[in-house]
Amino acid sequence: MTAQDRSALFPTDADRERWDDFLTRELLHAHRAVAQGPVTPRLDLARFRAELEKYDFRDTGDLEPVLSWTVAQLEHGLVHVNHPRYFGLFNPAPTFPAQCADRIAAAFNPQLATSTTSPVAVAIEAHVIRSVAQRAGFLDDATGHFTTGGAEANYTALVCALTWANAQFAADGARAFDGAPMFYTSKECHLAWLKIAHQAGIGRAAVRFVATDGSGRMDAAALASLIDADRAEGRVPVMIAATAGTTNAGMIDPLIACAEIARVRGIWFHVDAAWGGALIASDRLRGALAGIERADSVTIDAHKWFATTMGCGMFITRHGAVLSSAFHAANDFMPSNVASLDPYVNSVQWSRRFLGLRLFLSLAVAGWDGYGAHVEHSVAMIGLLRAALEPKGWRVANEPTMAVLCLEPPGGGNVRAIVRHVVGSGRAWVSAASFEGREIVRACATHGETSPDDVTELANALQEAREATRL
Ligand SMILES: Cc1ncc(COP(=O)(O)O)c(C=O)c1O
């Protein structure tokens with residue numbers, strides 16, 4: 001490799017400044033263009049693939065044109081979660097401070113495996129985790145860490161529960177148990193639990209899907225009987241995973257009842273509040289999460305309703321010692337190996353990106369009040385959607401405290417055809433899902449700048465799709 005080739009990777013300060021400015025302008029332009037354009041992609045994929053093939057990595061070029069090309073492809077080649085009429089899955093339009101955090105983390109590229117190498121970054125993350133834990137009602141002894149997302153945080157919970165249930169799990173895995181270890185979540189839960197059971201080595205059959213009560217919440221009586229029946233038959237219940245903010249409907253399982261069932265039976269109680277956990281920010285709405293403070297562990301994703309950039313979840317627990325015993329790793333080559341302090345001996349990951357800065361900067365400028373206003377705004381937008389559609393005969397299938405609406409079209413319209421019609425129009429993005437066994441149109445307010453006009457546009461698009469797909 002010549003010196004010239006290497007300078008493309010590590011340019012001069014002057015070039016860095018020029019390309020940084022160039023990229024900032026391109027991104028700002030794309031940000032504006034996205035909000036004016038369709039929510040769904042309009043890219044000619046065949047042309048895009050042909051252009052992509054030209055990058056054979058033998059011929060090289062300047063950075064500016066490839067930056068510009070990349071931004072343009074993304075501007076036209078994605079479903080835009082950062083469009084104010086994306087009423088979609090829990091993917092947010094990211095806060096601007098979180099985007100700044102990504103730039104800072106990329107520039108310093110700190111290794112967060114140990115506190116010795118990155119003391120400031122590790123301390124910032126720990127500070128944010130403590131603040132979120134306290135806001136959720138945990139005592140000062142709660143600890144935790146940032147994860148890549150909710151699935152990793154939930155996986156962490158299961159490994160902790162297994163380790164807590166049986167100290168021999170560390171050495172012998174599932175073989176340590178006298179009977180098959182099982183855990184309990186509702187049938188409206190997020191299905192990553194199946195992958196998690198598989199990865200943890202206890203098998204997908206270990207996930208017990210508890211019946212719901214007809215309104216999308218775990219049926220506490222059914223939960224208790226299932227656990228007791230499993231015990232009576234020699235299986236080993238290890239964890240109850242309640243959901244606070246179900247994926248399809250934003251419903252909250254009966255947390256206090258679940259906590260009590262877990263306490264009486266000596267089982268780990270986890271709350272998957274991946275999306276709904278952000279409700280802790282709102283003084284008005286946080287009461288809906290009562291009981292979360294009784295959990296042994298909690299998942300809250302920053303990259304959902306806290307609207308950081310992607311790949312940012314949180315795992316919080318009151319059992320720091322269990323976390324350390326589940327993830328410790330003796331070695332003599334890392335700069336330090338301090339239980340409860342060094343992230344790599346308390347979590348699934350080893351090398352770690354500085355994820356927590358995204359929430360730190362966002363909280364530092366908006367505070368809990370700013371985030372409270374953010375979640376209240378989402379809930380208000382979903383209230384407007386309901387008010388617009390119910391008089392036209394649409395039925396709301398869930399009774400939401402959060403910002404998800406499950407809609408049944410008037411006269412039993414074809415949900416999938418309606419969703420295809422709306423999404424195909426590019427006017428808005430909604431999804432087809434099921435709630436309590438019924439097909440529904442799912443709309444979730446995820447964008448912090450969705451306005452009443454955007455809601456009206458979605459309501460009109462849904463109503464027109466209903467008419468167009470009749471028969
Ligand atoms: C309730 C719930 N738990 C867990 C997850 C998985 O989170 P992630 O996609 O961040 O891994 C999701 C994702 O939507 C979810 O809704």
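This is a predicted model: local features need pLDDT of at least 70, side-chain atom pairs count only at pLDDT 80 or more; totals for chains, interfaces and linings use all residues.

Let me begin with a term. Helices here are DSSP runs of H or I with at least four residues, numbered from the N terminus.

Next, the polar side chains. A polar side-chain atom of D272 sits 2.6 Å from a nitrogen atom of the ligand. H303 has a side-chain N or O atom 2.7 Å from an oxygen atom of the ligand. For T247, a side-chain N or O atom is 2.9 Å from a ligand oxygen. How much of the ligand does the protein bury? Alone, the ligand exposes 390 Å², and the protein buries 84% of that.

Let's stay with helices. Take α12, residues 320-327. Its buried residues are V322, L323, S324 and F327. What do they pack against? Their partners are β1 (143-147), α7, β5 (268-272) and β7 (313-317).

Now go to α15, residues 452-468. This helix has 17 residues. From first C-alpha to last it reaches 24 Å, close to the 24 Å expected at 1.5 Å a residue. Which of its residues are buried? They are D454, V455, L458, A459, A461, L462, Q463, A465 and R466. These buried residues pack against α13 (357-389), β9 (404-408), α14 (415-425) and β11 (438-444).

That brings us to α14. V423 lies in this helix. Is V423 buried or exposed? V423 has a relative accessible area of 19%, and buried means under 20%, so V423 counts as buried. Beyond its neighbours within four places in sequence, V423 is in contact with T40, A428, W429 and V430. Now compare V423 with H319. They are 104 residues apart in sequence, and their C-alpha atoms are 45 Å apart in space.

On to a strand. T185 lies in β2, residues 181-186. Its relative accessible area is 0%, so T185 is buried. Where does its side chain reach? It reaches the backbone oxygen of A241 at 3.0 Å. Setting aside neighbours within four places in sequence, T185 is in contact with W193, V207, R208, F209, V210, M218, A241 and T243. Notice that A241 is also in that contact list.

Last, two loops. Most residues other than glycine have a negative phi. F57 is not a glycine, yet its phi is positive, about 65°. Where is F57? It lies in the loop between α3 (45-53) and α4 (63-76). With 71% relative accessible area, F57 is exposed.

N109 gives us another case. This residue has a positive phi of about 45°, and it is not a glycine either. N109 is in the loop between α5 (96-108) and α6 (119-135). Is N109 buried or exposed? Its relative accessibility is 57%, and the cut-off for exposed is over 50%, so N109 counts as exposed.

That's my tour. Questions, please.

Technical notes. Residues are numbered from 1 along each chain as its sequence is written. Side-chain values use heavy atoms; hydrogens and water are left out. A polar contact is a pair of N or O atoms within 3.5 Å; within protein, one must be able to donate a hydrogen and the other to accept it, and residues adjacent in sequence count only if both atoms are side-chain atoms. Accessible areas come from the Shrake-Rupley method with a 1.4 Å probe; for residues, only the protein chains shown count as cover. The expected span of a helix is 1.5 Å times one less than its number of residues. Buried means under 20% relative accessible area, exposed over 50%, partly exposed in between (1.4 Å probe, protein chains only). Contact means heavy atoms within 4.5 Å.
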